[in-house]
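Subject: Structure handover

Hello,

Here is the structure for you to look over. My notes come after it.

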Amino acid sequence: MPAPIVGIDLGTTNSVVAILQGEKPDVVPNAEGSKTTPSVVLYEQNRQAIVGELAKRQLLARSAETVCSIKRLIGRRFSEIHDQQGRFAYEIVGNDQDQIRARIHEAEHSPEEISAEILKKMKASAQAFVDEKVTQAVVTVPAYFNDSQRQATKKAGELAGLEVLRIINEPTAAALAYGLGKGSSEHVAVFDFGGGTFDISILDLDEDVFEVRSTCGDTDLGGDDIDRILSEFVCKEITEQTGLEVKDDLAAVQRVLEMAEKVKCELSTLESTTIDLPFVVADDSGPKHFQRTLAREEFEKLIAPLLDRLLRPCEQALSDAGLRSEEISTVLLVGGSTRIPAVRALVRQFFGREPSASVNPDEAVALGAAIQAGVLTGSLQEVLLLDVTPLSLGIEKQGGVFDPLIPRNSSIPTSAKKRYTTVRDNQASVWIHVLQGERRQARDNRTIGHFRLTGIPPAPREIPEIEVTFAIDANGILNVSAMDLTSGVSQGINIESYMQAIEGDPEKVVEEAEKKAEEDRRFLREIRLKMRFHRSLDMFAAFVERYQGKLEDADLQQLKQSMMRLDVALTQDDLTTAEEIETELTEICNRYSDLFYSHKLGFSG
Amino acid sequence: MERDYYQILEISRDASEKEIKRAYHRLARERHPDKGATPEQVGRLQEEFALISTAYNVLKDSQKRTEYDARLRKEEVKRAAEGGKVPGKTAAVAASAAAKGAITRERVGIAQRAYTKGMQLLVAGDYARASEFLEAAVKNDDGEAVYHAKLGMALMRSHQGFSRAVTAIRRAIELDPYNVEHRLTLGETYEVVGSRSLAIKTYQEILKWDSTNTQAFERLRALGAAPGQSLLDKVLRKLGRR
């Protein structure tokens, strides 16, 4: 029998591992005997990591050493999240490459490393269960995760010693768990509202083929946010009652937060409950208590603005699928936050039907991952999953416009080709900026990477033809390759990703990070400079092209020559020379200040 | 010759949506990368299946399919005109395609001639007669953006039926959204009608698509809506960024 492949639901608040037993998947309990493991990692002074229930229990006492909700940070940039820093009790810093690090006991941990600790724990549970070494896994991510978030999750698997055979989308996994062996043909909607993310997917079930029609969501909306709203409300009331600020006391904030989570869960079954926080704050006159009853109705009013944010993705997914809500025959609820009665009511109202109770909202995703593992090993030969890419993938066109090559909700794996040519004689390279998102302006979308296509043989402009292939694989991850059509030679493309994860074990990483700090700063500066020169070059080229009739002949020659030199300097990474040439070019162009000024303005817009 | 999307999915040109889906599922069962056993196999299937998905992604969307069909037909007409043969598998299919191709070919030819004549009249300033010919061009070949655009221009310049002009230009933009020329014509039409706000909106739209477009810039300036304040903003932003 081949080594088993496990399915892991790596959640924001809880993680679950499942394994295929024969033709049916089963959830594997952890060492503490529980089917779900809190996604909480506690770092001891000696940098040993404790994961799960044990870590969660110490959250109150050791909040600055305990990492929770790391999924909210994985694959993201520091500049994207720094305004939310207050939400995390542990210290978050950004390094020189804009990567996120959690600083605990003077050591810095990347989100990938922290997630890897959780995956290691899940792996250990599975190994104990099957009494065999586990080396391969299918890991789930929110459907709305972008390329970097997927790459980072894969990386986390590697750091945990797991080969991630496939990244699959959580709602799709849940649909697999629902439809396995049913043999039905229907339209299914999966409403997946978890601890930190929200996804909605619309699928066609065709016996054993599961085809996703559309997906939408919000990777930054979950049960965590509900806890936060509720705790902020309680903190405010405490301050009103006692005149004392809760926010200054980290332990008190943590206690209120824990109470908020408990109250939220209780209000799923009770009409009203008591918030009881003895000794929550104190001043010179002694400790103060806080007590109050909270009715479900009041709670629902508090979270209503947040729940409103669930509706737009639902509408979008439905319209992208080209279906009306009454054509959906089954609505599956996945994720702990779907236990909230107000959320159920919202789903019922939107789809006009009672949501199905046939899957366990906590386990379905992991079970689906295990089923996909079975598909990959060949033990479930009939089942087939056909997923889509959640976000459009494209490139930046001249003028800063985003040109989508693979639109959102395209069935994957798929590819798109784009032909590039040159705008100047003997141009040696072309700069390509790859982005993901739905906005029309390139700068509003997320940069996946940028690269310079080099080694174009010298030829008059517009003669060379280079075909670049953008391929999205079954994991939803992008691969790029290029071919020179005139010579038939293909090129490997190196995307200078912002998200280059650092390899190696945590301790070494810290040492290296310190050693590399200076290097990193230079690296980042160089990338920025390079991007600037690439932009300038394209701008000068467009300027010359448009106004060449109005330029003095000598200047025109000079400009053309300097642009060629700048191009060469850039391919050779000679940034000092590049800067000199850029100044030269600007000087010449300034002689035509009226033209140049308006041109530049237009271009920058 | 490269296989077209119908050939890739192994279906006929008039396949229903259901048939397209069924074909995709059938091919997926055979050739999805999940069915590969070795990494080499998976890699090969991945490439092969990406092509199948690309075809499916176009044909499953009725609007994209219509556009693709039009492009396919035009390519075939072009090939046929160059002395090639309309592709087809069986004799019957080939005959029917050839018949269809012949009609299409003829109509495309009429459209082209009507367009040429219309353009001559347009340049000469005889807008009323130009619009008649361009109308004929559009009726015979609905898929050519420039026919619609010039029809719109002729209608506008001859001051007959602005709403028809706007509709024609809109259709041109729909067919060829990346061509700012059509949008400039639309802006001009709005100006002639006296709808300043719609004209401004259209020109601003152009700048969003093509921020170096001086014509749109000029028109905005003439309308007193040149991005004065925001221009300053841009300068400041630009300086700040440097």
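Predicted model: local features only at pLDDT ≥ 70, side-chain atom pairs only at ≥ 80, totals over all residues.

Residues are numbered from 1 along each chain as its sequence is written, chains are lettered from A and ligands numbered from 1 in the order in which they are written, and side-chain values use heavy atoms, with hydrogens and water left out.

**Interface**

In chain B, 31 residues are in contact with 45 residues of chain A (contact: heavy atoms within 4.5 Å). The two chains bury about 3300 Å² between them, 48% of it on carbon and sulfur atoms (buried area: the accessible area, 1.4 Å probe, that two parts lose on being put together, summed over both). There are 4 salt bridges between chain B and chain A (side-chain nitrogen of Lys or Arg within 4 Å of a carboxyl oxygen of Asp or Glu). Arg440(A) and Glu205(B) form a salt bridge, at 3.9 Å, N to O. On the side of chain B that touches chain A, α2 (17–31), α3 (39–59), α10 (196–209) and α12 (228–241) of chain B each give two or more residues (helices are DSSP runs of H or I, at least four residues, numbered from the N terminus). The largest share, 7 residues, comes from α3(B).

Helix α5 (residues 170–179) of chain A is mostly covered, with 9 of its 10 residues buried (buried: under 20% relative accessible area; exposed: over 50%; partly exposed: in between; 1.4 Å probe, protein chains only). Gly181(A) follows α5(A) and has a positive phi, near 75 degrees. In chain B, α9(B) has buried residues including Val180(B), Leu184(B) and Tyr190(B). Just after α9(B), Gly194(B) also has a positive phi, about 95 degrees.

**Salt bridges within chains**

The whole structure holds 58 salt bridges over all chains. Glu261(A) and Lys56(A) form one at 4.0 Å, N to O. That pair links helix α7 (residues 250–266) and helix α1 (residues 53–57) of chain A, 205 residues apart. Glu261(A) is partly exposed, at 30% relative accessible area. Lys56(A) is partly exposed, at 30%.

In chain B, Asp142(B) pairs with Arg171(B), closest N and O atoms 2.7 Å apart. Asp142(B) sits in the loop between α6 (127–140) and α7 (145–157) and Arg171(B) in helix α8 (residues 162–175), so the pair ties together parts 29 residues apart in sequence.

Best wishes
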